[in-house]
Amino acid sequence: MRESRRARSVPPGGTLGIAAPSGPVDPERLATGKACLRERGFEVVHSEDIVAQRGYLAGDDERRARELMDLIQNPGIDAVLCARGGYGCQRILPLLDPAVVGNEAKPLVGYSDITALLLWQERCAGLVGLHGPMLERSEGLGSETLDALESALFGRDEGARLKGNGRVAGVADGPL
């Protein structure tokens, strides 16, 4: 089993590509999320058909996989943020190229059903993803959330520090 590695860092003012690998994207929430990211100095891009809908999905499987791979292969994109979760992400996994994903080493951010994509990326491309915010929040992204996202994207994040009461005294360190 190969060792996983972190994605490359994003420069301040970098370009974030927004992908919709699962459920359909609400245009208003997309606009609110883009505005929050732009206020932080990021450039934000996405495909023209990101709000496509086919039933409960953001377009057919081929559209969603192509969109994600296009963002990953685009040299002008520094990281990929998922617009939202929802069923369907796991359906595109066989259509993705793990060698390209691993070679590009771009941060990929999402949670919920996007976890399937993050786990696929780690297992098949050897690249750790970021379990982080998406643009589906109707109120936008709060400053604490954006601070944490920036820290992770810029490579300043050392990972989560877990606190609690142990069963024995001492300090432990290791992968989770």
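**View 1. Contacts across the chain of the predicted model.** Of the contacts (heavy atoms within 4.5 Å) in the protein with a separation of 6 or more, 75% are between residues 24 or more positions apart. The structure is a predicted model, in which local features need pLDDT of at least 70, side-chain atom pairs count only at pLDDT 80 or more, and totals for chains, interfaces and linings use all residues. Residues are numbered from 1 along each chain as its sequence is written, and side-chain values use heavy atoms, with hydrogens and water left out.

**View 2. Helices and strands.** The protein has five helices and seven strands. Helices (H or I, at least four residues) and strands (E, at least two) are DSSP runs, numbered from the N terminus. Starting at the N terminus, their order is β-β-α-β-α-β-α-β-α-β-β-α. The radius of gyration, taken over C-alpha atoms, is 16 Å, close to the 16 Å of the globule rule for 176 residues, so the protein is as compact as a globular protein of that length. The globule rule is 2.2 Å times the number of residues to the power 0.38. The C-alpha trace spans about 55 × 40 × 30 Å along its principal axes.

**View 3. Residue D61.** D61 belongs to helix α2, which covers residues 61-73. With a relative accessible area of 15%, D61 is buried. Buried means under 20% relative accessible area, exposed over 50%, and partly exposed in between (1.4 Å probe, protein chains only). Leaving aside residues up to four places away in sequence, D61 touches R91, I92 and L95. In the protein, buried residues make up 44% of the 176 residues.
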